[in-house]
Structure formats: structure tokens, C-alpha cells
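This briefing is meant for a reader who is new to the structure shown below. Please look at the sequence and the model first.

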Amino acid sequence: MALLWDTSLLLRKVKDLRCLTPRRHRVKEKWAATRPKLPPTRLAVHHFDATYSTQLGQLWPSVRLAMLSERKYGALLNNFSHNAALTELKAQGCVDFISEREKDVPSCLEEKSEEPSDVSMKSSDADGEQLSLSPNIKCLVFPRGDVTRFKPARPDKNGLLGYYLMDAASLLPCLALDVQEGHSVLDLCAAPGGKTLALLQTQAIRFLCINDSSVSRTLRLRKVLHSYVPKHFLTNENLRITSFDGTKWGEIESNTFDRVLVDVPCTTDRHSLMEDDNNIFSKNRTGERRRLPQLQLELLLAGIQAACPGGEILYSTCTLSQNQNLSVVEQAIYQAREKDGIHLQVVDLRPLMRMFGNTFHFAPDLHLGEMVIPHLAANFGPIYMCKLKRLT
């Protein structure tokens, strides 16, 4: 017993002498192990809680809950396919939200602020008028509150799938672009291809240029198109697929297109919250995430330069972030005027809200553009969009 006591006393004295041991010879104790890494999804939640709770206020808890829940999809009908997808989907209880759009203005929209932005002027001829939507675009959704999943699309006798599953709110930028017969259109950041496919459904475009800076994403885009569009259509001289740096498009083709869709890379909020794979909140992508607003600005400016005088540009993202939405548009309007001498007019998209206010949940009181925010009963989005008209 005395031996054990002497041993413990000796060990205590040795521990007390650690301060006399040179630092280079000290050994880390277990409690000094590195802190466990947080997964990207957890980092995204922390970032959004800090940012969007301030930006959205009382709306954030319900939006947060919706974004962490299973999202709703829409089935974009493929007019190039010859199967009975429309009849089958309607038999399951789906409705075409475009043809079933509202004719009257919901009361909640009548109170929306009508104050114009300090950096631009609202389009006077757009206020109160409805957009002329293409009758060829059809997108079916399950009723509000119904979370039934769509079955995978089946190919027809030519191997073309009957419909494309996408967030139905992602179709709104294509509808807002208001493509008319004979227009030339540029889709500047086209992959993975849902919006491109929607534009092709109009069957009104004279020339369509599809671009994405990533070669791998462009290959994925081509695979999507080959599953939905006849081969002879894809080899037509009126369709062009490229993999150029979109920020340089103003130098490649300026003053050319009647319509330009600029659906920029963003934090992709839903994916960031739900998937660790390819998540922009990964530690090794921190620099890329911080550079996003500058990249988005350069892409939008390139799209503005590519549009012809009198042409229209539609900027869109799938994030709630003000830094990637309103701030980018404000800077683009200012820089286009000050550096390039291009004057822009913000086109009022409230008619779109009037049409689809019962299908989607829109954010209130945005002074530039409109935004679909997720809601448990209508779990689409987020989608931000702002339409600019290049003045002659």
C-alpha cells in the first residue's frame, strides 16, 4: 500500500514539472484533438439562419421548415413526344397551372408597394397588363397541399420522354421572358436544361443559342435534350450549343438577341440544405461561394450587352439571398449605364403574380423583381427573377 502511495505521489510531482519541459517535447493530450468537421448542410443551415432570419423576419421559420421538407415538382409536358402523358397525368388529379391561371388579382397582391426603384423605372406599359403566354407550354402539378410524387416519364415509340420533372416555379422565368414568334434567344447558363427545354416547347424561336461554361454540364445538357427533342431538330442550323465563358459574351456577340435568359449559378439554397455532395458550402469551396455575386454581376452585364436595343433580359436565381438577387440587379443597371452607356428599364412582373398567386407563394414588397418562396402548402422555389428591357 505504501508503494502505491509513493508511486502516485511521484507521478503527481512529474505532472507538476511539465511546465519545465521544452514545448517541442510536450505531447498533446486527448482533449486537444481537432474539432469534428461540420457537414456542408449544417454549415448552410447556420449561414441561412443568420442571414435570412434578418432578411425575411417572421417569414423565415415557415420558409425554413418548407425548404427542409420534400419539395414539390411539376411535369413539363414534352410536345415532341407522342404518348398520352397529358391524359394520364390529368387522370391522376394533376392540373396545368398555366392554363388554369387566375384571371383576377388576389386581394393580397393589391396591397403590394408600387414605389419604383431608385436605380430604374418600372415599365409603365406592363403595369396591369397580362403577359402573352405561349399556348404550347404546359406544366402539370398536383393541387395545393398535395405532395404526391410523379411517376418516372415513359418514352414513346421514338424514345422521347413524355414529360420533364422540374420545380414548377423554375418555369416562371421562361414564361416571364415572353418569347414571341421569330425571336432570337440566348440561354446564357443553360445546364442542366429544364429552362432550355421549356423555351423549345414554345416552337416560336427563330434561333436559339444554348451556352454553359462547363463542358461537363454541357454534356449533361445534351443528354437531356436528346431524351426529349428529335435528333433532326438538334442538328438544325437554328440551334447552337456552346461551352464559352458566359462573362465574355458581350465580346462574342453584342447587340444580337431579342431575348436573353441569364439563370446564373448561385448557392442553390435547397440543394445546400439537403445534399452534402457537390455542396457549395463545403470548406474547399468557400472562395467560390464568396465570389458568386461578382460572377453573377459579370454574367448579367454580358447578357445585357448581348441583347439588341429593345430586347429583354431575364435574370433569375434559385436563392433567397439579397446579395445574389436585388443587389446584383442594382449594380448591373448602374454599371451598364455608367460604363457602357446602356439604359435599362425594369419590367413589372406583377401580372405574373396575379396569374399564379394561387399556385405559388410570392415574397411581399420587393422593389426589384419577384420571388417565389417555399411554403408547406405550395413547396416550390425559391426562385428569384427580374426582367430588364434594354432601351433604344
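The notes that follow go through the model by topic.

This is a predicted model, in which local features need pLDDT of at least 70 and side-chain atom pairs count only at pLDDT 80 or more, while totals for chains, interfaces and linings use all residues. Residues are numbered from 1 along each chain as its sequence is written, and side-chain values use heavy atoms, with hydrogens and water left out. Helices (H or I, at least four residues) and strands (E, at least two) are DSSP runs numbered from the N terminus.

**Annotated positions**

- UniProt, in an unreviewed entry, places the feature "active site" at C318. Such annotations may be inferred rather than shown by experiment, and their positions are given in the numbering used here, with feature names shortened.
- C318 is found in the loop between β9 (307–317) and α14 (326–340). With a relative accessible area of 25%, C318 is partly exposed; buried means under 20% relative accessible area, exposed over 50%, and partly exposed in between (1.4 Å probe, protein chains only).
- The unreviewed UniProt entry also places the feature "binding site" at several positions, including C189, A191, P192, K195 and D263.
- A191 is in the loop between β5 (184–187) and α7 (194–201), and at a relative accessible area of 6% A191 is buried.

**Strand pairing**

- An open sheet of four strands has the order β2-β3-β1-β4, with antiparallel pairing. Its edge strands are β2 (95–96) and β4, each of which pairs on one side only. Two strands pair if DSSP finds at least two bridges between them.
- Within this sheet, β2 and β3 pair in the antiparallel sense over two bridges, and V95 has V141 in β3 as its bridge partner.
- Elsewhere, β5 and β8 run parallel and are joined by three bridges. D187 has L261 in β8 as its bridge partner.
- β8 also pairs with β9 in the parallel sense, over six bridges. Here V260 has I313 in β9 as its bridge partner.
- Strand β8 (residues 257–263) is mostly covered, with six of its seven residues buried.

**Salt bridges**

- Side chains of opposite charge can pair when their charged atoms come close. A salt bridge is a side-chain nitrogen of Lys or Arg within 4 Å of a carboxyl oxygen of Asp or Glu, and a search of the whole structure finds twelve of them.
- R149 and E70 meet in a salt bridge through their side chains (2.7 Å, N to O). R149 lies in the loop between β3 (139–141) and β4 (163–166) and E70 in the loop between α3 (60–67) and β1 (74–77), so the pair ties together parts that are 79 residues apart in sequence. R149 is exposed at 60% relative accessibility, whereas E70 is partly exposed at 48%.
- E88 forms a salt bridge with R154, and their closest N and O atoms are 2.5 Å apart. This pair links distant parts of the chain, with E88 in helix α4 (residues 85–91) and R154 in the loop between β3 and β4, 66 residues apart. E88 is partly exposed at 33%, and R154 is partly exposed at 45%.
- D348 and R350 also form a salt bridge (2.6 Å, N to O), and both of these residues are buried.
- A network of salt bridges links R259, E312 and K387.

**Cavities**

- A search of the whole structure finds two cavities of 30 Å³ or more. On a 1 Å grid over the protein atoms alone, a cavity is a set of points where a 1.4 Å probe fits but cannot get out, and lining residues have an atom within 4 Å of a point.
- The largest cavity has a volume of about 60 Å³, a volume being the space filled by probe spheres set on the grid points, which are joined across faces, edges and corners.
- Among the residues that line the largest cavity are S132, I137, C174, D178 and T202.

**Backbone geometry**

- Most residues other than glycine have a negative phi, and most peptide bonds are trans.
- The peptide bond from A191 to P192 is cis, with omega near 5 degrees, and P192 is in the loop between β5 and α7.
- The peptide bond from G381 to P382 is cis, also with omega near 5 degrees. P382 is found in the loop between β11 (370–372) and β12 (383–390).
- T268, although not a glycine, has a positive phi of about 45 degrees. T268 is found in the loop between β8 and α11 (269–274) and is partly exposed at 30% relative accessible area.
- D365, although not a glycine, has a positive phi of about 60 degrees; D365 lies in the loop between α15 (350–356) and β11.

Notes:
1 Å grid on protein atoms, 1.4 Å probe; cavity = no way out; pocket = protein on both sides within 12 Å on 5 of 7 lines; lining within 4 Å.
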